[in-house]
Structure formats: structure tokens, C-alpha cells
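I opened my notebook to look at how the pieces of this fold sit against one another. Here is what I looked up, entry by entry.

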Amino acid sequence: MATGTNSDVPTQPGSGAATLAPRADGEGPMAATAVGLTKIYGSGATRVVALDSVDVGFEAQRLTAIMGPSGSGKSTLLHCMAGLDAVTDGDVRIGDTRISDLSDKQLTLLRRQRLGFIFQAFNLVPTLTAEENILLPLHLGGSEPDPEWERRVVDSLQLDERLRHRPSELSGGQQQRVAVARALVTRPDIIFADEPTGNLDSKTGGEVLGFLRRAVDDWNQTVVMVTHDPGAASYADLVIFLRDGRLVGRLADPTPELVFERIQALEG
Ligand code: ADP
Ligand code: MG
């Protein structure tokens, strides 16, 4: 059942998310690609091959879920794609930008200006208000806020009544909605989310997922999300499956039932 996952990744990535020329195989342009991505932690007796020569492309204006058993390399893949973790080998690109070509300073700027992040633990700054947290990437990146865009994001996340609250005064679901707003405020090329609903109950988790879905459908955003929850994965356009640091399958138009079957097969 493991389908060849690599044939759709060009060795020379296309012209990036800005040009929306259709590709011959029916997929749109890739917002990010990796070729031969390998990540090894430690050495000697503690050596762990977390990613073993992974070839993958994340299509622009789509919601892609990354699934796999615990320890299969999901978070490592996300972190390497996002330039949060150095790769051992391989070519990782955001659009046309090869991240290994960047200096630390350029990489920091790329993360601030072109990427958004959502983490399981929300990762808000506790001393800042919700609004200050939302605007933080703009301030750090030296970009001008776009009040119209900020308002649309805040309104659709139903945060307007909460902007002056600090994280400790917000529920988990509200904190994660602030984190989603923070990820969106720069209109990034890609939002990377690692178990974004892992600390939420299913109702609030569903709200966050519904919002990510609409950000893709209505605002042409691109989201790559790690999850171990088949229900969460079913919000995606495409699910890719990892096992032991390798890509072992993909499932388009997932349902919770189909995702569950695949995961069971991988874990069994
Ligand atoms: P997942 O997110 O799928 O649960 P991870 O990407 O976190 O998996 O981990 C993949 C493998 O790499 C695991 O064997 C894990 O123990 C190992 N690993 C992850 N991070 C580190 C690290 N900082 N140091 C050493 N090993 C790590
Ligand atoms: Mg993980």
C-alpha cells in the first residue's frame, strides 16, 4: 500500500508559490520542497536517523497533514522544513529559496517574514497582551502592520473582545486562536503547525481546524500540519504518512476512517 511518494517532487523545484502555473501531474506549485532530506541526531551508540532521505513537496494553497507513529520523524520534518533545525543532508526550499544557502540572519528574516508557526503549547509571550502577541512577528520583522488585514484575522477568529487580555487570562482555545492570528498576520507563504490541537478538547480543536481550513480556502494560505489525530487529519487536502523517518504513503481527500485504517496498518 505504500505508494511511491517521490515521483511528484521535481529535483529542480518550480517557480514558487508566486506563479500558479499548473503542473503536468495535476498538482499545483509547491510552497516548500525537500530532496534527500536526512536528519541524524547524536552519534555512536546514541545515533538516531530521524529522517532518512525524504523527498517531499508541500503544495501551495493546500492544507497538508503529516501523520505517523510516535517517533516517526513528524516534528523533525516540520522543524527541518521551517529552518528551525539544521539538516544533516539534503536540499530544503521554501519556494525557490534554498534554506541552506542562507546565513543565520537571513534565515531568521525568512522565518519572520515568510513563515508562520503554531505549536501544541501555544508559545505566547506571557507578559504581552493578545494583540501584542499577534503583532509580534511584524514588530520583530520590521514590517508595517496592515490594520485592515489584522481586523479580518481578529474578527474571523473571534478575538476582538480578548485583545487586551494576557495569555493567562485566556482559555486554551483562545490562546491557540491568538497563536493562529499571530501566524497569519504576516500573510506568510506557509504556516507550519505541530499538533495544533494536541492541548485542546475536541470542540475547541475543531474550531481551530475549521479556521485553518478557511484560511486555505478563503485566503489562499498554505498550511502544513503535524497531527496524530485522524479527525484532525481529515481537515487536510492530503495526508502524508511517515514511518521510521521515511515517507511511506499518501492519502488525498482523507476521511477519519480512511486515515485511521492507514495509521493502524503502519503501527501494526
Ligand atoms: P514524532 O514527531 O513523529 O513523534 P520526532 O521527529 O520528534 O518524532 O522524532 C524522531 C526521532 O528522532 C525519534 O527517535 C526521536 O527520539 C529522535 N529525536 C528527536 N529530537 C531529538 C533530539 N533533539 N535529540 C536526539 N534525538 C531526537
Ligand atoms: Mg512530534
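**Entry: two helices.** In this predicted model, I looked up how helix 2 (residues 104-114) packs against helix 3 (residues 130-141), and I found an angle of about 140 degrees, with the axes 9 Å apart. Angles over 145 degrees would count as roughly antiparallel, so I noted helix 2 as oblique to helix 3. The crossing of helix 2 past helix 3 is left-handed.

**Entry: who touches whom?** I then asked which residues make this contact. From helix 2 they are Leu109, Arg112 and Gln113, and from helix 3 they are Pro137, Leu140 and Gly141. I sorted the contact residues into three nonpolar, two polar and one charged.

Entry: Next I traced an open sheet of six strands, which I wrote down in the order 6-7-8-3-9-10, with mixed pairing.

Entry: I looked at strand 9 (residues 238-243) with strand 10, and they pair in the antiparallel sense over six bridges. Here I spotted Arg243 standing opposite Arg246 of strand 10.

Entry: Last, I checked helix 5 (residues 172-184), which lies across strand 6 and strand 7 (190-194). Helix 5 runs at about 165 degrees to strand 6.

How values were computed. Residues are numbered from 1 along each chain as its sequence is written. Chains are lettered from A and ligands numbered from 1 in the order in which they are written. This is a predicted model: local features need pLDDT of at least 70, side-chain atom pairs count only at pLDDT 80 or more; totals for chains, interfaces and linings use all residues. Two strands pair if DSSP finds at least two bridges between them. Helices (H or I, at least four residues) and strands (E, at least two) are DSSP runs, numbered from the N terminus. Two residues are in contact if their C-beta atoms, placed from the backbone, lie within 7 Å. Axes are lines fitted to C-alpha atoms, for helices over the stretch in contact, and angles run from 0 to 180 degrees between N-to-C directions. Angles under 35 degrees count as roughly parallel, over 145 as roughly antiparallel, 65 to 115 as roughly perpendicular and the rest as oblique. A crossing is left-handed if the near helix is turned anticlockwise from the far one by less than a right angle, and right-handed if clockwise. Ala, Val, Leu, Ile, Met, Phe, Trp, Tyr, Cys and Pro count as nonpolar, Asp, Glu, Lys and Arg as charged, and the others, Gly among them, as polar.
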